[in-house]
Amino acid sequence: MQDFHDFYSRLLEDDLLRRYIPTLMILFLLLSPLSARSLGYGVSFFGQTIVEDVDLTTSGVEFSLVYKPYSFKYFNPSLIARTAFGTEADGAYRIPYVQMGLSVDLLRTINHKFNFLSGNVVAYTPALMGSVHFDPRRDCTLFSLGFSPFKLSQKDFWYEFFSGFVTYDLKTGEMDTWGINLVRYTYLFK
Amino acid sequence: MKQKSLLIAFLLILVLFAGCTNTRHMLSPFVLDPAVSLETKLSYYGLPEVQITYPDVYYNGNEWKDRLIELVQNAEEYLITSAFLASSAKELEELYETLAMKAESGVNVYFVVDGIGPFDMTETRLHLIPIKFLTESGVHLLEYNPISGGRIVSGANLLLRDHRKFLIVDGKYLAIGGMNLNYISIGATDDNLQRDSMYEFFSPELCEVLLDNFVPWWNTQSWEEIRREDFSVDYSTTEGKQTYRAWYMDQFPLDKKASGVYGSLLAEAQHSVKVLPFLPFLDKHMIEAFRLAQERGVDIQMVIPFDKRVGNRKGIEYMTKDLLKMGIDLRIEEGNEEQQALLHEKLMIVDDRYVVIGSTNLNYRSFNLAYETALIIDSEKLARQVTEHFQQIYAATIPVTEEMAKTWRTFARFPRFLFAFIGG
């Protein structure tokens, strides 16, 4: 785990990651039409704080990878990996978390009040997510629980607004972190 | 620094798409092999052979609109329509009201339109009324790959577009062609009305093919899932009527089908090819395929439209220097910015026998980045009819010369060419 932490520290110190992220993003977006279907990727804007250390409050961009093998009407599962990249209070660029876990769409309905937001029929699919949450700055592993109350789904896109998450230290049973994703767009290759 | 990054990003897009072109299939040994029959080649590229009746051809958008309204009014069970551009206008109110009325009366109306519609920059933009109101009447409206801030996340996928134009009514009436459902295609009553074509005919076999393609495609796009068995086909429509062989192409983005099909047709040509390409942004493989056919002694005539839209026209003019490498009889319409109605038609006639109609422009975008339809009809009678139409257009053209092409090859035209090559 220390190696992992050192690796990211070196990247950040050299400023490499920050400089090359826009290029990597452009390449990723360009290559996406050639990719396999049923996988997806997402971009989100997040803010999070650590209860015991507000200096580690971070905001920035979160990237995610999604694998959605099924399309059940109730309790539809997806495997999701996420990593965030943002600035702390002192302006330093950091990776505050890497998450990997299971997201479950609790239900899917097209009879709801949000259809005015889209030209096409969009489904309301509120989701719960449980994941392993790794904070490379503190080299600690936590359990994260997230909820997307305003998740709208099309066959090829997810739109999530005001999704919140909290993390718990399973050893102490105490809440460690809380955060919010203001908006998250996920594109599924289909 | 920002300018450098933008330039690098743009060049990356060009390299990526130029490198991924499917048009190399136009020159594949299989396509060029004279020992392989056209039927075998079309079958290899997944084109089903069907029988169709002799088509009624509509060259006037207003006449097609009137016929369309009539077809909609007579629909009893279902109606499926697909168009690249569709929006209402004062002149199109009757059509859209009829569609809404039909949906309200219980007819299943499926309406597909490409998501680029709100960015329609033709004359239609001055007459554009969005058609989302149709959903209030129960029309099943699907906007393919809409363009919005959030969807920028999908990156280069935003370049993939649904350019198909077809109509199915009750498994009985069929129409395929190049006309959209917007103001300049079927609404305008002056020079803003485009010159185009729609072909209406009967073909239960093609209805089956279209429905077999449409239902699963719709279900990959919409939560309002439909079942194939809910769409019946009327087999009585061709009874006692003469029919003709035809092959139907349903091209998906990034597919090699259009390249294989058009390459095979050029390789099949023995003495003549007549082409209306609409936006002639051909890449090097397409140019080479035409050049090879011409070199074999095939007489090829291609008419480039005069485009009133300055951006497109300058892009096309820039392209002519490359088009001349084909060595064909390359013509451009004589026109002026004030009066010319845009020639939006897509047509290819091979050896006075095969007539190729549909939505497919003869260019890089249609062959690589779009859903397209094409119908290859084996009918000398129809070939004679559309050749007459082609000759009327040809009569009002002038040859593109090396001097003209050289004059048009300016750096100022280059950005318009680049934009039109990918986006045109």
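**Strands of chain A and domains of chain B**

In chain A, a hairpin of 6 residues leads from β2(A) to β3(A), strands being DSSP runs of E with at least two residues, numbered from the N terminus. This is a predicted model, in which local features need pLDDT of at least 70 and side-chain atom pairs count only at pLDDT 80 or more, while totals for chains, interfaces and linings use all residues. Residues are numbered from 1 along each chain as its sequence is written, and chains are lettered from A and ligands numbered from 1 in the order in which they are written.

β2 (residues 53–67) and β3 (residues 74–88) of chain A run antiparallel and are joined by 10 bridges, where pairing requires that DSSP finds at least two bridges between two strands; Tyr67(A) lies opposite Leu79(A) of β3(A). β3(A) also pairs with β5 (residues 98–107) of chain A, antiparallel over 9 bridges, with Pro77(A) opposite Val104(A). Over 2 bridges, again antiparallel, β3(A) pairs with β4 (residues 93–94) of chain A, and there Gly86(A) has Arg94(A) as its bridge partner. The hairpin between β3(A) and β4(A) has 4 residues between the strands, and Gly91(A) in its turn has a positive phi of about 90°.

Chain B is divided into domain 1 (21–48 + 251–424) and domain 2 (60–194 + 204–237), with bounds from an automatic or database domain assignment. Their contact takes 20 residues from domain 1 of chain B and 15 residues from domain 2 of chain B, contact meaning that C-beta atoms, placed from the backbone, lie within 7 Å. On the domain 1 side, β15 (354–358) and β16 (370–378) of chain B each supply at least two residues, and β16(B) gives the largest share, 5 residues.

Conventions:
Contact = placed C-beta atoms within 7 Å.
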